[in-house]
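This briefing is meant to be read with the model open beside it.

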Amino acid sequence: HGEMATVPLGFNIDTPRWDQNTFVGRLKHFLNITDPRTVLVPEEELDRAKTLVEGCRAGLVPPGSSQEQLLYAKKLYDSAFHPDSGEKMNLIGRMSFQVPGGMALTGCMLQFYRTVPAVVFWQWMNQSFNAIVNYTNRNAASPISLRQISVAYVTATGTALATAVGLNLYTKRAPPLLARWVPFAAVAAANCVNIPMMRQQEIINGVTVTDGDNNELGCSRRAAVKGIAQVVVSRITMAAPGMIILPIIMERLEKFPFMQRIRVLHGPLQVLLCGGFLLFMVPSACALFPQRCSLALTDLEPELRDSIVAKHGDKVPYVYFNKGL
């Protein structure tokens, strides 16, 4: 290229384009970075986007780069590279793959809920997908060992299977709709186990908390617990509408004669409908809570609270930390 132009004045590529303190602003942000179309972008275009973003951070861009191009490069960069380490993430673990991957798995869990082998297979597939997503989006600041990952994976899969198979046997005598809700119960239970276990380092060692101006104040385990609890709620919310409403729709539809004639298409139909729910639910669930989580000083561990008060008096009413996804 030789020639490099400087970045337009007052343009910072890392500033979110929408106000992250409002739900709508966060929703727009996540609609942008979870856009499943970015899954289809070729590798070299992703690498070009990374070069452009890093150049922009250094204050240099190719001449004639419009703000549009820079923002699109940032969207691609956010969709494919880890926010802490800047490494390219594997395709399956990216948030932009949550819609296509999640819709296939959720559709199959909802379709094949009647027999135990099918329940076992699809819940296991789903937990394997979850493990990849959670590992890919882990907080690079508190690394997790392979042993911990394996234990988390086995426990979450065990929880999902125990819940699904156990409830399945239990709902044999219950109204048919209840049996269709079993997959959701299994997914919710597994999330409550999988995410805390995948991120146990943060619960054991605490996460770094800062004041409003990003000055580090120490590590808090209570902050980690709050952040992780919010992630669990988000993930369950992400799955809930599809897994709760769709069974009601299918239950009604399957009574029609035309639906009984096209049994073969029920699976693909559920997958497509799941996709419709997830397209909107993935960004909505990510947007439920601010990415920069806060905790009142009074809720911190006493020793950390005392050390902050000793240093800063009452100047720091809240501490902040990144809650992860």
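Leaving aside neighbours within four places in sequence, Arg 17 is in contact with Asn 32 and Leu 71, where contact means heavy atoms within 4.5 Å. This is a predicted model, in which local features need pLDDT of at least 70 and side-chain atom pairs count only at pLDDT 80 or more, whereas totals for chains, interfaces and linings use all residues. Residues are numbered from 1 along each chain as its sequence is written, and side-chain values use heavy atoms, with hydrogens and water left out.

**Arg 17 in its setting**

- Arg 17 lies in the loop between strand S1 (5-6) and H1; helices (H or I, at least four residues) and strands (E, at least two) are DSSP runs, numbered from the N terminus.
- Arg 17 counts as partly exposed because its relative accessibility is 43%, given that buried means under 20% relative accessible area, exposed over 50%, and partly exposed in between (1.4 Å probe, protein chains only).
- Arg 17 and Val 61 are 44 residues apart along the chain, and their C-alpha atoms are separated by 19 Å.

**Overall figures**

- The protein has 12 helices and 6 strands, and its C-alpha trace spans about 65 × 55 × 35 Å along the principal axes.
- Of the 325 residues in the protein, 47% are buried.
- The protein exposes about 16,300 Å², of which carbon and sulfur atoms supply 64%; accessible areas come from the Shrake-Rupley method with a 1.4 Å probe, and for residues only the protein chains shown count as cover.
- When contacts between residues at least 6 apart in sequence are considered, 76% of them join residues at least 24 apart.
- The mean positions of the 31 positive and 24 negative charges are 12 Å apart; Lys and Arg count as positive and Asp and Glu as negative, while His and the chain ends are not counted, and the place of a charge is taken as NZ of Lys, CZ of Arg, CG of Asp or CD of Glu.

**Segments annotated in the record**

- An unreviewed UniProt entry places the feature "transmembrane region" at residues 227-250 and 271-290; UniProt positions are given in the numbering used here, feature names are shortened, and annotations may be inferred rather than shown by experiment.
- In the model, residues 227-250 are 100% helix and 0% strand, with the end C-alpha atoms 35 Å apart.
- Residues 271-290 are 85% helix and 0% strand, and here the end C-alpha atoms are 30 Å apart.

**Strand pairs**

- Strand S3 (residues 207-210) and strand S4 (residues 216-220) run antiparallel and are joined by 4 bridges; two strands pair if DSSP finds at least two bridges between them.
- Across this pair, Val 209 stands opposite Gly 218 in S4, and Thr 210 stands opposite Glu 216 in S4.
- The hairpin of S3 and S4 has 5 residues between the strands, and Asn 214 takes a positive phi near 70° there.
- Most residues other than glycine have a negative phi.
- Asn 214, in the loop between S3 and S4, counts as exposed because its relative accessible area is 54%.
- Strand S5 (residues 292-296) runs antiparallel to S6, with 5 bridges joining them, and the bridge partner of Leu 295 in S6 is Val 319.
- In a regular strand the side chains alternate between the two faces of the sheet.

- Gln 270, found in helix H11 (residues 266-287), is buried, with a relative accessible area of 1%.
- Not counting residues up to four places away in sequence, Gln 270 touches Gly 107, Leu 110, Gln 111, Leu 246 and Met 250.
- Asp 35, found in the loop between helix H1 (23-33) and helix H2 (43-58), is buried at a relative accessible area of 8%, and, not counting residues up to four places away in sequence, touches Phe 30, Lys 75 and Ser 96.
- Val 151 is found in helix H6 (residues 146-170) and counts as partly exposed at 38% relative accessibility.
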